[in-house]
Amino acid sequence: MINNLSREQLSAVLDAMPFEMMVVDENDCVQFGNKLETRMFRFQGEKVAGRDVRLCHPENVLPKVEKILSDFKSGKADEAEFWIPSLAPKLLNRFIALRNKEGKYLGILEYLLDFTAIEKIAEDKKDAPKR
């Protein structure tokens with residue numbers, strides 16, 4: 001439910017999320033990206049909106065991205081993910097198909113989640129005295 005939330009407020013909410021995300025439409029064009037000023041993956045100063053999603057990924061993962069796009073559009077899958085080991089100890093790139101109530105493909109929500117902080121919390125909890 002969204003009740004009179006301004007564009008500025010919604011943008012602030014999405015930037016406050018603890019992950020980077022992009023919304024890609026049914027034509028494979030990025031329509032939204034949060035944390036544009038601090039993203040792990042920068043777009044050489046270009047705006048992310050309107051770009052083909054393939055241009056937002058390194059060449060070595062393009063076969064995975066193509067398969068995800070194909071599987072989502074065909075209805076074969078609704079979720080996909082892979083780890084990106086070179087940027088952080090554990091960086092997860094996750095894709096979720098966006099569909100309307102009738103199941104029509106509308107695009108993708110893609111997000112990057114850095115597990116470094118989560119692992120630190122788990123380690124701290126493991127080392128904490130038991131109550």
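Helices here are DSSP runs of H or I with at least four residues, strands are runs of E with at least two, and both are numbered from the N terminus. With that in hand, α2 (62–74) and β5 (105–114) each give at least two residues to the lining of the largest cavity. This is a predicted model, so to speak of local features takes pLDDT of at least 70 and side-chain atom pairs count only at pLDDT 80 or more, while totals for chains, interfaces and linings use all residues. Residues are numbered from 1 along each chain as its sequence is written, and side-chain values use heavy atoms, with hydrogens and water left out.

**The cavity**

- A cavity is a set of points, on a 1 Å grid over the protein atoms alone, where a 1.4 Å probe fits but cannot get out; lining residues have an atom within 4 Å of a point.
- The count is 1 cavity of 30 Å³ or more, and the largest cavity holds about 30 Å³ of space. Volume here is the space filled by probe spheres set on the points, with grid points joined across faces, edges and corners.
- Lining the largest cavity are Val24, Val53, His57, Val65, Ile68, Leu69, Phe95, Ile108 and Glu110.
- That lining splits into 7 nonpolar, 1 polar and 1 charged. Ala, Val, Leu, Ile, Met, Phe, Trp, Tyr, Cys and Pro count as nonpolar, Asp, Glu, Lys and Arg as charged, and the others, Gly among them, as polar.
- α2 supplies the largest share of the lining, 3 residues.

**Helix α2**

- Val65, Ile68, Leu69, Asp71 and Phe72 of α2 are buried, meaning under 20% relative accessible area with a 1.4 Å probe and protein chains only.
- The cover over these buried residues includes β3 (79–83), β4 (91–99) and β5.
- Just after α2, Gly75 has a positive phi of about 85 degrees.

**The nonpolar core**

- A nonpolar core is a set of buried Ala, Val, Leu, Ile, Met, Phe, Trp, Tyr and Cys residues joined through side-chain atoms within 4.5 Å.
- The largest one has 20 residues, of which Val30, Phe72, Phe95 and Ile108 touch the most other members.
- β1 (20–25), α2, β3, β4 and β5 each give two or more residues to this core, and α2 has the largest share, 4 residues.

**Val30 and Val48**

- Beyond its neighbours within four places in sequence, Val30 has contacts (heavy atoms within 4.5 Å) that include Met22, Val24, Val48 and Cys56.
- Val48 sits in the loop between β2 (30–33) and α2, and counts as buried because its relative accessibility is 4%.

Technical notes: 1 Å grid on protein atoms, 1.4 Å probe; cavity = no way out; pocket = protein on both sides within 12 Å on 5 of 7 lines; lining within 4 Å. Buried < 20%, exposed > 50% of the residue type's maximum accessible area, 1.4 Å probe, protein only.
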